[in-house]
Amino acid sequence: MMKKATKFFSGALAALMAFSALTACDFGGGDSEVNMDIDLNQKIDLNVLMPSSGRDISAVNADPNALRIEELTGYDVQYYQLPGSDASTSLRNDLTARAPYHAMKLTSAQFADQIAEEMLLPLDEVLDKFGPEIKRVISDGSWDVVTVDGKIYGIPEKASSDNIENPIIFNKFILNELNLSVPMTKEELKTVLQTIKTQKGITPLTFDKNQTLIYPISAAFGIYSEWQEYTIDGQTEVRFYMDAPGYTDYVDYMHDLFSSGLIKQDVQDKDASKALQEFGSGQAAALATSLWSVGSVVNIMEENALISEQDTLAPDGVPNALSYLRSLENADGEEKVYRTSGYTYIMAIPFYMAENAGYVIDWINSKLTDTDEAHNFRESVIGEEGVHWTYTARDGYQPLMENFDEMNTADYYLTGSNEEVYTEYWKARIRKTPEMYRAWDELMTDADEVGVYNVADALPPITEYSKNRSYIEQYAQRQFYLMMRDGTGSFSELLAHFKANGGTTATNAINNWYLNK
Amino acid sequence: MKKHEKVLFQRYKSLYLFLIPAVVLALVFSYLPMVGLLMGFKGEMLIGRYGPIEAFLRADWTFEHFIKIFSDPTIGKYILNTLYISILKIVILFPLPVFLAVLIADVRNKGFSTFVQSMVFLPHFLSWVVITGIFKDLLAVDGPINSLFGIDVYWFGEPAIFPWLVVALNGWKEIGYSSIVYVAAILSIDVSLYEAARMDGASKTRQAFSITIPMIASTIITMLIIRLGYLMEAGFEQVYTMITPYTYDSGQIIGTYVYEISLGEMGGQYGLSTAVGLFNGIISLIMIVSANYISKKVAQEGIW
């Protein structure tokens, strides 16, 4: 009996050891190399990790746009997606477990994180051999953003267009009813909100929990973007908004609005969809949001019967229910505001999937090709001529409404963009929602004079910055909401904490890069 | 091994076989992972690149995480928050299931008793995400409860209210489920005791205090000691779903903090989070050992 027990026990122990040896083995295999002699006629099936689509993954794989791309490139692709929340955690876990993704579509923050963790494959050689079109249609400036220590680690997808896209939108009917117009100065803004509050009995301004810099308002205090150049005592330097000269004035102003009951009390915990609902159902009259929500806002207003039949009979047949404030005047009476730029996504390959990198690059190369012989890129962005769009020299690409719905999800499947032509195609996409196009058109007036860029939007991965980024961003965001409620009394302590916990390191890293670039 | 023990082992050796699965489970899932505690003494590790073992060997030894724990006032604050919420939960919520069990056991109508039990068990099977969602809507600034009373309190955003809200929701969710064990204990009490009491003219309250509670006292004490062992665990899942920027100051507990800096929004600091976890574990160990000691002294009863 005793012997049996010993045997059993040693058996269990052996199994345990074998198990731990196995798991350890899993992590050993990191030395695979790029196979440069692959036969491109013998294509393999690709596993591609995508950002969260908000749809079921089977819908993502069955989308007509996915099928169109398979037809154009000849590659069968199986898409996977990250979850909507805690995506970076999920990504980190997947890669630690060596999930077999041939390619990944990452946000620039995720890309920088993975560079810092040394998880990505350098692509220089494989790009030279399999990606001539990729190299041609992406500009040198864009390559800089994915280059670390002289090596390219990703394929950047440049934003469709540099947009001014963070307005405060007003319910036009309420403005008209109360005889108000869109405010131009911070004093006017307060008066307008105050009037709405007294006349309509609602707390007028709402936004969601991820908006700490309300750009149209912070612009009045000289803060136009998160990281921006300031001249302080004759010295030029880049600073984070929390450390910007006008920041306390901005927060004091927000605190004033908040304590006067002009901002919803629970914005610190509000989901974006809830904010849209409040505005769309008339519980709020002003909404700080992004341009891309305009379509949904109008839909919600229609559902709540805030837009009547008559209102839709505007001269151009488009419901005209919204007014836009893109920026209050700053201290010099000028209008300046954040203009986005940079890189929505970056394609990268995990280092342990090096062997088949050639196929991935060939696939992307084929997708970006847009020549007279093969308009692969155009077809994957806006579909086919005569079916999805028409072209005239005067109006550019115009969507054909009955079929263009199918193209709504096309941008999700982009893997890098053909920078020579993308903006023109993209305009067809925005023309599809007339209210959105009008908003975009209005916000983009004189964009070149008004727009201010965020220095960090074109930042290559810098370890000192990316290691501290999430902490300082979160910290600034939390403290903003607290100070909006309580005032800026303890600001100097908070700023000291910010500086000591990564703020200074990140700021120095950005300045080093910015002043030497 | 002493002779007496040897004899006992010989006699019951086949029973030790039944112990093996439990020992193996404890080794694999409780003791083996403790090796990971060494991460608290290591600098930055590239786990994704090299896997846990090689990354561990490559990293430098350091005490920086422990220095940070003892120098960063916010971490001390989180420990206090944890204790505060946890003690509130024990003081307010521990007696309630006992009370509920006494009441339930006294219900004569079998059907009604089952109905009440099912109703109070139900919330236990809902996840915290769902419960927090329900209460966030009920207690929203423009929500039904505020409109009913004509007030506009922002319940989920008031730091002073937050710990009490945590306790209240936890009570709502778990009281019914926690009372099961007491209901069972009460049902095993000899009925003749109650008959005798009734003959002597004891009222219901009198019976509860003189028979029911003393008879289930050992169960109550065991449950209390087990509960005290979780003193440093103030309810991660619950607080994580409830907390917002306004309430970090009074609501951030060790559990949510460790998650946040290792896997969450400020993630990737595995070394620091391990160190905080280890520190937390040591406090818990001290707590449960002293609770058991005190209980043995005072009530002559302990769990070992």
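The model is a predicted one, in which local features need pLDDT of at least 70 and side-chain atom pairs count only at pLDDT 80 or more, while totals for chains, interfaces and linings use all residues. Residues are numbered from 1 along each chain as its sequence is written, and chains are lettered from A and ligands numbered from 1 in the order in which they are written.

I begin with the overall form of chain A. Its C-alpha atoms fill a box of roughly 85 × 65 × 60 Å along the principal axes.

Chain A has 22 helices and 17 strands. These are DSSP runs numbered from the N terminus, with at least four residues for helices (H or I) and at least two for strands (E).

Let me turn to the interior. A nonpolar core here is a set of buried Ala, Val, Leu, Ile, Met, Phe, Trp, Tyr and Cys residues joined through C-beta atoms within 7 Å. The largest has 77 residues, and those with the most contacts inside it include Phe170(A), Leu257(A) and Val297(A). Helix H21 of chain A, residues 463-486, gives the most to this core, with 8 residues. A second, separate core of 62 residues includes Tyr345(A) and Met407(A).

What is Val297(A) in contact with, leaving aside its neighbours within four places in sequence? Its partners are Ile169(A), Leu276(A), Phe279(A), Gly280(A) and Leu322(A), where contact means C-beta atoms, placed from the backbone, within 7 Å.

Leu322(A) also belongs to a sheet: in S12(A), it is the bridge partner of Asn171(A). Strand S7 of chain A, residues 168-171, runs antiparallel to S12(A), and 4 bridges join them; strands pair if DSSP finds at least two bridges. The open sheet has 4 strands in the order S8-S11-S7-S12, with mixed pairing. Its edge strands are S8 (205-206) and S12 (322-325) of chain A.

Finally, chain B. An automatic or database assignment divides chain B into domain 1 (3-58) and domain 2 (72-299). Their centres, taken over C-alpha atoms, are 31 Å apart. Domain 1 of chain B gives 7 residues to the contact and domain 2 of chain B gives 5.

Methods:
A residue is buried if 20 or more other C-beta atoms lie within 10 Å of its own, exposed if 12 or fewer, and partly exposed in between; C-beta atoms are placed from the backbone. Two residues are in contact if their C-beta atoms, placed from the backbone, lie within 7 Å.
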